[in-house]
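Please read the following report alongside the sequence and the coordinates.

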Amino acid sequence: MLKIKRVPTVVSNYQKDEASDESVGCGRNCLGACCLNGARLPLYACKKLEKSGTGEKVVISGEAREPPVSFLESLVLGEWEDRFHRGLFRYDVTACETKVIPGNYGFVAQLNEGRHLKKRPTEFRVDKVLQSFDGNKFNFTKVGQEELLFQFEAGEDCEAQFFPCMPLDADNSPSVVAVNVSPIEYGHVLLIPRVLDCLPQRIDHKSLLLALHMAAEAANPYFRLGYNSLGAFATINHLHFQAYYLAMPFPLEKAPSKKMITTVSGVKISELVNYPVRSLLFEGGTSMQDLSDTVSDACVCLQNNNIPFNILISDSGRQIFLMPQCYAEKQALGEVSPELLETQVNPAVWEISGHMVLKRKEDYEGASEENAWRLLAEASLSEERFKEVNALIFEAIGCSNQEEELEGILVQPSGSVNQTGNRTLGGPITNGTASECLVLQ
Amino acid sequence: MLFHMIPVFGNDDGRVIHFVAVQVPISGQKMRNGSGCSEMVFGSCRREVCLGSFVHQERALPVECDEQELENWEHCEASESEKLKSAEAVGSVLSVLTRYSEFAGRLVCGKRNCLRGADCLSSSLVISLGRIKQSFVLTNPCLPDMPIVYASDAFLTLTGYKRHEVLGQNCRFLSGVDTDSSVLYEMKECILKGQPCTVQILNYSNRKDKSTFWNLLHISPVRNASGKTAYFVGVQMEASCKDIESKELRPETRQLSVVGAVRVAVRSSFMATC
């Protein structure tokens with residue numbers, strides 16, 4: 001079993017050290033059965049998804065009708081600012097110094113000394129991407145209702161709808177948006193799909209589509225959603241996405257890409273070139289659902305093959321980046337250099353996208369493109385392993401035969417053999433050495 | 001393509017009125033010659049401008065032309081002569097613009113004129129703030145008498161003043177004889193302590209009827225990217241008796257959302273300039 005020690009991020013004021021986390025006594029207005037009765041929260045139901053059969057691209061932010069600052073954006077910002085005034089956050093993130101690191105890529109560095117204080121390092125198992133939900137550990141049913149901003153659902157109407165005061169219905173598990181009390185930027189929130197269903201951190205088609213809906217409805221390219229799988233620096237095994245505002249392009253978004261294939265449904269898949277973390281970019285498709293489903297298929301494949309990954313949903317849901325990674329595994333195996341470990345920076349989705357949250361003043365002051373690159377490169381799969389992983393993904397989404405680039409590592413029946421081989425092994429994740437690549441000619 | 005973009009400012013109020021963008025093809029090795037495209041391409045990029053994203057000037061960016069071209073794409077840098085060419089093109093467009101703006105009575109220029117006392121906000125910040133359609137002003141506490149450095153269009157509509165009449169002024173011109181001085185004192189105290197406050201205050205407009213209105217005013221300090229208070233934002237809402245439709249956001253939430261949007265805009269615009 002591979003484990004690393006790290007300081008868990010405190011996303012809720014009700015999150016205590018695991019050791020002292022006793023059973024949920026109440027009187028704190030949580031989401032448990034004890035407190036839920038009669039609880040109300042605004043509900044935002046977004047526009048219905050357009051049918052894919054129309055053949056036209058889904059125009060998400062209708063230029064004509066959408067007000068410049070969208071309704072959902074006002075809701076997120078207004079409610080977040082309200083929680084800020086109520087003193088729910090552990091620190092004022094706008095007081096954290098931030099700068100763009102000089103260079104070609106524009107990595108963003110933030111000095112955040114408050115985020116990790118007063119927490120003991122905890123052990124995290126990093127060699128299992130799928131772990132079952134454990135109700136004894138901290139999860140989002142234990143957050144206080146004041147940390148919730150609103151309910152969010154994919155609506156049935158062709159117009160977005162808003163209900164300022166909607167009961168929280170225990171029988172129809174609502175998806176909710178909550179603040180992250182340790183924000184890394186303004187407006188840092190968590191989207192928790194069907195919170196009462198207690199889903200483990202695991203991508204499923206419906207939930208990813210919900211996240212994509214949120215990106216589309218927010219209608220601001222600077223509001224991005226991110227996802228960390230277990231083993232890729234998720235600290236809470238309860239399904240959640242993160243999101244915040246940073247009015248600046250991320251280096252990952254600016255990286256040039258090279259087209260690999262287009263799926264039957266028109267989703268274009270490219271690989272990033274000239275970026276420290278080898279990543280895939282998914283875009284296009286006849287509908288948002290196509291795009292979402294393709295990425296979900298890819299994620300399910302990674303999950304089943306026990307490969308940790310991060311997701312960034314960009315450009316109001318039009319672009320999705322998928323980054324398989326192996327930093328935690330390397331860390332557990334003692335393969336990461338002490339200098340990198342000392343910075344205590346965990347390359348989760350935001351760091352990989354180019355927003356580096358630094359904990360030590362000296363790292364902030366000495367931040368350079370080179371340092372950022374070195375850290376991120378450590379998280380990347382090797383070229384060989386990346387190709388193997390791509391082959392698995394392409395097979396999973398039914399595109400395995402299309403590309404000549406895959407020649408040499410792709411042979412028809414072997415893919416599935418390889419896959420099951422990995423799964424039944426269950427041990428440490430293969431790290432991309434040539435000997436581990438099983439190819440039957 | 002070498003993409004070169006500059007803002008064009010109004011001569012009298014320093015606002016960004018246009019952008020001029022020039023695209024110069026970079027003669028890379030793989031470039032097919034004689035493809036029939038003209039030497040320089042002038043384009044519009046409305047969407048990017050509206051979103052307030054900025055393009056680095058001196059860098060070669062791949063511009064997606066067609067699939068074929070993209071596949072052959074290789075990283076290449078613009079040469080000095082190509083940079084010169086784009087700068088010349090920008091210069092000539094600017095001079096034409098300037099000449100014709102004289103006839104239109106609204107002079108433009110490539111360099112920004114600052115108003116007396118008021119510091120200039122970066123054009124990226126002005127564009128980000130321009131997306132926020134509600135009534136608000138930014139004031140600069142570092143300047144003597146805390147003048148207004150930004151006023152939204154909705155603020156001008158609400159108060160009936162012209163932009164040049166309010167920029168550089170302290171907000172007190174909105175008060176009149178019947179304005180409660182204890183409320184003014186309360187606001188002053190909060191500002192000195194650097195704390196947010198919400199008050200209801202009687203304001204005097206410059207609208208045609210010179211009417212007064214009850215202003216539900218929220219004031220908050222706004223920090224820049226180094227965490228220092230750079231501005232105070234004041235968000236005005238005309239208090240009205242009419243019932244708010246139940247499907248709308250609460251007025252308080254809408255007001256706070258402006259504060260949030262301003263925080264995001266200010267913070268991000270300072271990141272690159274630190």
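This is a predicted model: local features need pLDDT of at least 70, side-chain atom pairs count only at pLDDT 80 or more; totals for chains, interfaces and linings use all residues.

## Annotated domain in chain A

An unreviewed UniProt entry places the feature "domain: GDPGP1-like C-terminal" at residues 251–398 of chain A.

Chain A has an open sheet formed by 12 strands, with mixed pairing and the order E7-E2-E6-E8-E9-E11-E10-E15-E16-E14-E13-E12. Strands E7 and E12 (257–262) of chain A stand at the edges, and because each has a single partner strand, one side of each is left without a neighbour in the sheet. From one strand to the next, the twist averages 25°.

Within this sheet, strand E10 (residues 223–228) of chain A and strand E11 (residues 241–245) of chain A run antiparallel and are joined by 4 bridges. In this pairing, Leu225(A) stands opposite Ala243(A), which belongs to E11(A).

## Contact between chains A and B

The contact draws 32 residues from chain A and 34 residues from chain B. On the side of chain A that touches chain B, the elements giving two or more residues are helix H2 (71–85), strand E3 (98–100) and strand E7 (161–167) of chain A. H2(A) provides the largest share of that side, with 9 residues. By class, the residues of the side of chain A that touches chain B comprise 20 nonpolar, 6 polar and 6 charged.

## A helix pair in chain B

In chain B, the axes of helix H4 (residues 123–130) and helix H8 (residues 251–271) come within 9 Å and cross at roughly 165°. Because of that angle, H4(B) is roughly antiparallel to H8(B), and the crossing in which H4(B) passes H8(B) is right-handed.

The residues that meet are Ser124(B), Leu125(B), Ser128(B) and Leu129(B) in H4(B), and Val262(B), Ala265(B), Val266(B) and Ser269(B) in H8(B). This contact of H4(B) with H8(B) has 5 nonpolar and 3 polar residues, with no charged residues.

## Annotated domain in chain B

For chain B, an unreviewed UniProt entry places the feature "domain: PAS" at residues 148–170. Over residues 148–170 of chain B the chain is 48% helix and 17% strand, and the end C-alpha atoms are 6 Å apart.

Definitions and conventions
Residues are numbered from 1 along each chain as its sequence is written. Chains are lettered from A and ligands numbered from 1 in the order in which they are written. Axes are lines fitted to C-alpha atoms, for helices over the stretch in contact, and angles run from 0 to 180 degrees between N-to-C directions. Angles under 35 degrees count as roughly parallel, over 145 as roughly antiparallel, 65 to 115 as roughly perpendicular and the rest as oblique. A crossing is left-handed if the near helix is turned anticlockwise from the far one by less than a right angle, and right-handed if clockwise. Two residues are in contact if their C-beta atoms, placed from the backbone, lie within 7 Å. Ala, Val, Leu, Ile, Met, Phe, Trp, Tyr, Cys and Pro count as nonpolar, Asp, Glu, Lys and Arg as charged, and the others, Gly among them, as polar. UniProt positions are given in the numbering used here, feature names are shortened, and annotations may be inferred rather than shown by experiment. Two strands pair if DSSP finds at least two bridges between them.
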